[in-house]
Amino acid sequence: MELTGKNVFITGSTRGIGLAIAHAFAEAGANIVINGRSAISETLLSDFASYNVKVCPVSGDVSDGADAKRMIQQAIDELGSVDILVNNAGITNDKLIMRMTEEDFEKVLKINLTGAFNMSQAVLKPMLKARQGSIINISSVVGLTGNAGQANYAASKAGLIGLTKSLAREIASRGICVNAVAPGFIMSDMTDVLPEKTQEAILSQVPIGRIGEAKEVAELVRFLAGQNYITGQVIAIDGGVTMQ
């Protein structure tokens, strides 16, 4: 798929990996929907001024099915279509299972997994009509391996992998590709404040020997969005942590 002039909706794109993905697509000439639960700041939007693309702020709650439909429709009303959907919005609430409440578990699944389902379902009808499109779900290596203290997060990210493969099978014949990206340890506000010993412990698990950058994840997402013969795949970007 040629990305210039395409319209890309990235959920949870006001910071971190989501924001890096938005910049990567804007660099390629795609129009961008910036999304978050709260109002999008003018300062953030002004960072995209140099790209000469349309930037559309759309706020809302991906975990609410009706709100997901409203957000997709708002993007279509303003841009004309949604050609690429990146389901990036997610939260963590880490606890050992013995201390995790049902609410702790369900809240993470509601945003990370049900949110991706809601947004994908909302965008499917116009994509099917156009007989083209790309949906990319941001999973995690913990969805592949599990992680102590993250049963809710790992379950949500593993669920995203099942969602990816199932949806890919359903709509492949209509020219729509669905893939997942599974980042490993990626530099962020959270990793910056980790104690030195904790960072060293993380690095000891990474064969490449460094923490990844959000820009690297964004470049992979952009690459997948431009492909027409890759679907139903889960690609880990983790410095070799999950290599077989």
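At roughly what angle do the axes of helix α4 and helix α6 cross? In this predicted model, the axes of α4 (residues 102-130) and α6 (residues 151-171) cross at roughly 20 degrees and come within 8 Å. Angles under 35 degrees count as roughly parallel, and α4 and α6 are therefore described as roughly parallel to each other. Their crossing is right-handed. On the α4 side, the contact includes Phe105, Leu109, Leu113 and Phe117; among the residues they and their neighbours in the contact meet in α6 are Tyr153, Leu160, Leu163 and Leu167. The residues of this contact divide into 15 nonpolar, 5 polar and 2 charged.

The strands may be considered next. An open sheet is formed by 7 strands, in the order β3-β2-β1-β4-β5-β6-β7, with parallel pairing. Because β3 (55-59) and β7 stand at the edges with a single partner strand each, one side of each has no neighbour in the sheet. From one strand to the next, the twist averages 20 degrees. Within this sheet, β1 (residues 7-10) pairs with β2 (residues 31-36) in the parallel sense over 4 bridges, and Asn7 stands opposite Asn31 in β2. Helix α3 (residues 65-79) lies across β1, β2 and β3 and runs at about 160 degrees to β3.

The segment after β7 (234-237) contains Gly239. The relative accessibility of Gly239 is 23%, so this residue counts as partly exposed. Beyond its neighbours within four places in sequence, Gly239 is in contact with Val206, Pro207 and Ile208. Its C-alpha atom is separated by 9.2 Å from that of Pro183, a residue 56 residues apart from Gly239 along the chain.

How values were computed
Residues are numbered from 1 along each chain as its sequence is written. This is a predicted model: local features need pLDDT of at least 70, side-chain atom pairs count only at pLDDT 80 or more; totals for chains, interfaces and linings use all residues. Side-chain values use heavy atoms; hydrogens and water are left out. Helices (H or I, at least four residues) and strands (E, at least two) are DSSP runs, numbered from the N terminus. Buried means under 20% relative accessible area, exposed over 50%, partly exposed in between (1.4 Å probe, protein chains only). Contact means heavy atoms within 4.5 Å. Axes are lines fitted to C-alpha atoms, for helices over the stretch in contact, and angles run from 0 to 180 degrees between N-to-C directions. Angles under 35 degrees count as roughly parallel, over 145 as roughly antiparallel, 65 to 115 as roughly perpendicular and the rest as oblique. A crossing is left-handed if the near helix is turned anticlockwise from the far one by less than a right angle, and right-handed if clockwise. Ala, Val, Leu, Ile, Met, Phe, Trp, Tyr, Cys and Pro count as nonpolar, Asp, Glu, Lys and Arg as charged, and the others, Gly among them, as polar. Two strands pair if DSSP finds at least two bridges between them.
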